[in-house]
Amino acid sequence: MSTEARFAAGDWYAVVGDEVTVLLPGSQRGRVAAIWDLADSGSGADAVLDALLAGGLSSLDHVALVAHGDDATRLIVRGAPSATISTTGGEEIVSAAPGTAWAERLVTGVTSLRITLTGDGVADLPLTSGIARVSVVVLGAPVTGDAAAPASFAPVEQPVEQPVDVPAEEPVTEPVAETVDEEPVVEQPEPVAYADPLSDPVPGEPVAAPGLVPGFVPEAAPVPSAPMSFGEPGDDPTPTGETPVVEEPWSEHDGHTQAGAPIPDFVRPPIPGQEMAPDVVSQPVASLVFSTGDVVLVDRTVLVGRAPEARRFASHDQPHVVSVPSPQQEISSTHLEIRPGAGADHGSAIATDLGSTNGTVLAQPGLDPEELKPGIAVSLVPGAVLDLGDGVTIQVTNP
């Protein structure tokens, strides 16, 4: 069976290792940390099953276990989970009958496996080694019953190919090229009239230009086009010269000046007694899987919010900026910062609530959920889940 795995977000725990995948309801949170230790160390199905039954079968009403063998796939379901197995010979639905301990199958030639826990969501989020909160898990290629995935992708491929050929055959591109050739006068002003003047006003922007180079004040009109040709994409979001943004001191383009005044309360707070981590690390320390479907690697600072701003960062150290929806306005504009750790936290991701209005709740594997204190950095482990509100969560996995 293919190692590809996807999931739909929910309130069950998925503990994913190289050899086994275990699905437990939210009421079994106390078992998750111990099961993850076994799964992460490469333990097989029998060792994991012994740990699950250590507290007695009566205390384990619902569970699903999948052992990923080279020749065969072993499946155990008890209680609520229902599995659809797709093989080269067809499909089979496996569920535990009332009054039985569990249902178990050892199947060869498995191409895909869909386990439904609650609801019938579309499994479109990547599932990697670690711990996730799920409602549906799909291992391998989509099964026939998982209509959402194949139905949405198969028809799309054909329409995409048709429009690609149409523009190539349209004669519209030829008249455009002829029009450019018929106006050679336009080509001369581009390098002569605009290239040299724009190289001076760009670093200081239109506000600083009158003090630095008075001679270029009359040429203020071409300045708005400067970021489109020479500026970095994240430096000036308003190339039309919108005054409220252009006048900000953080919009320097030369990379030699500080990009804006630091915010005293939240200037990349370090763990007390530890050194600061470098601005950008060579290898990502974690992967962030957003409930919105975004996946971001933590190789530098990551800012999350409704409309996050990176004004306190220099142009050569631009962070990853992730905007998330918040219909109820529960998520602040710049809500949360996640960055690589240093010192004792080297190799891990560090999360800091940036004084958000409604706060951030962190659920670490095996621990009770806690609300982050504004400005206090907390180390994250694989499987941790950050809840920002409005249904937006971030799962921390290995990179």
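Two strands are counted as paired if DSSP finds at least two bridges between them, the strands (E, at least two residues) and helices (H or I, at least four) being DSSP runs numbered from the N terminus. The structure is a predicted model, in which local features need pLDDT of at least 70 and side-chain atom pairs count only at pLDDT 80 or more, while totals for chains, interfaces and linings use all residues. Residues are numbered from 1 along each chain as its sequence is written, and side-chain values use heavy atoms, without hydrogens and water.

The largest nonpolar core comprises 26 residues, and Leu23, Leu75, Leu113, Ile115 and Val134 have the most contacts inside it. Such a core is a set of buried Ala, Val, Leu, Ile, Met, Phe, Trp, Tyr and Cys residues joined through side-chain atoms within 4.5 Å, where buried means under 20% relative accessible area (1.4 Å probe, protein chains only). Its largest share, 5 residues, comes from S1. Apart from this core lies another, of 24 residues, including Val298 and Ile338.

In helix H2 (residues 45-52), the buried residues are Ala45, Val48, Leu49 and Leu52. These residues lie on the same side of H2, because they cover an arc of only 100° around the axis, taken from the directions from the helix axis to the C-beta atoms.

Note on methods:
Buried means under 20% relative accessible area, exposed over 50%, partly exposed in between (1.4 Å probe, protein chains only).
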